[in-house]
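Keep the sequence and the structure side by side as you read.

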Amino acid sequence: MIEYKNEVPDIKDYWPLYLSTGWNEVFKMDANSVERAIGNSSFAVSAYWQGELIGFARAVSDRVMYATIYDVMVLPEQRGRGIGSELVANITRQCKAAGVYSVHLFAADGTEPFYQRSGFQARPPSMPGMRYEAEEG
Ligand SMILES: CC(C)(COP(=O)(O)OP(=O)(O)OC[C@H]1O[C@@H](n2cnc3c(N)ncnc32)[C@H](O)[C@@H]1OP(=O)(O)O)[C@@H](O)C(=O)NCCC(=O)NCCS
């Protein structure tokens, strides 16, 4: 049975799950930085199966108006069994239970239908999500 715990996992458990997404090929973060990042989350949920961390999601929030979900991930061999949907439902529930007015996320390429099934809607083209990347050097 899969156990869902509303907590940040140990970095030793998280690191292989995080690397399985391939995101660190872009971010190039060290384990200490990632440990600090997930530790600063407002809400988190970790999925365990037979003692192994197989899924994770987190949100960063002001706990009143906004929360943004990040790092929704499931180990490749465990995908397609509803674990990702349960992680999104759980983290959204935590945000709503804390009284957060509006929950946001950025859908990775191809994941829009996955999030739509969990009740999320794309922002209208006239109100796109935007980001600022500080210049290097
Ligand atoms: C996205 C992710 C968390 C989904 O986890 P999961 O446990 O497989 O999710 P569920 O089993 O609840 O739902 C899977 C459904 O979503 C769809 N789906 C998930 N990821 C998808 C993707 N990248 N492209 C297209 N469809 C996707 C599957 O086709 C499946 O549909 P079905 O139920 O009709 O077969 C998982 O694929 C993952 O970890 N991906 C890598 C990290 C990532 O991209 N995270 C999202 C960041 S925004």
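How many salt bridges are there? The count comes to four, where a salt bridge is a side-chain nitrogen of Lys or Arg within 4 Å of a carboxyl oxygen of Asp or Glu. Please bear in mind that this is a predicted model, in which local features need pLDDT of at least 70, side-chain atom pairs count only at pLDDT 80 or more, and totals for chains, interfaces and linings use all residues. Residues are numbered from 1 along each chain as its sequence is written, and side-chain values use heavy atoms, with hydrogens and water left out.

One of these salt bridges joins Asp-71 and Arg-58, whose closest N and O atoms are 2.8 Å apart. This pair links distant parts of the chain, with Asp-71 in strand S4 and Arg-58 in strand S3, 13 residues apart. Helices (H or I, at least four residues) and strands (E, at least two) are DSSP runs, numbered from the N terminus. Are the two partners buried or exposed? Asp-71 counts as buried at 17% relative accessibility, and Arg-58 counts as buried at 11%. Buried here means under 20% relative accessible area, exposed over 50%, and partly exposed in between (1.4 Å probe, protein chains only).

Another salt bridge connects Arg-93 with Glu-86, at 3.3 Å between the closest N and O atoms. Arg-93 is partly exposed, with a relative accessible area of 48%, and Glu-86 is partly exposed too, at 28%.

Lys-12 and Asp-10 also meet through their side chains in a salt bridge (3.3 Å, N to O). Lys-12 is exposed, with a relative accessible area of 63%, while Asp-10 is partly exposed at 38%. Asp-10 has a further contact at the start of H1: one of its side-chain oxygens reaches to within 2.9 Å of the backbone nitrogen of Lys-12. A polar contact is a pair of N or O atoms within 3.5 Å; within protein, one must be able to donate a hydrogen and the other to accept it, and residues adjacent in sequence count only if both atoms are side-chain atoms.

Now follow helix H1 (residues 11–20), where Ile-11, Tyr-14, Leu-17 and Tyr-18 are buried. Seen down the axis of H1, these buried residues fall within an arc of 125 degrees, so they line one face of the helix. The arc is that of the directions from the helix axis to the C-beta atoms. The buried residues of H1 pack against helix H2 (24–27), helix H3 (31–39), strand S3 (52–61) and strand S4 (66–74); contact means heavy atoms within 4.5 Å. After H1 comes Gly-22, with a positive phi near 85 degrees.

In H3, Ser-33, Val-34 and Ile-38 are buried. Viewed down the axis of H3, they fall within an arc of 125 degrees, so they line one face of the helix. Asn-32 and Arg-36 are exposed residues on the face of H3 turned away from its buried side. The buried residues of H3 pack against H1 and S3. At the start of H3, a side-chain oxygen of Asp-30 comes to within 3.1 Å of the backbone nitrogen of Asn-32.

Finally, look at Thr-92 in helix H4 (residues 83–97). A polar atom of the Thr-92 side chain lies 2.6 Å from the backbone oxygen of Val-88. Leaving aside neighbours within four places in sequence, Thr-92 is in contact with Ile-69 and Phe-120.
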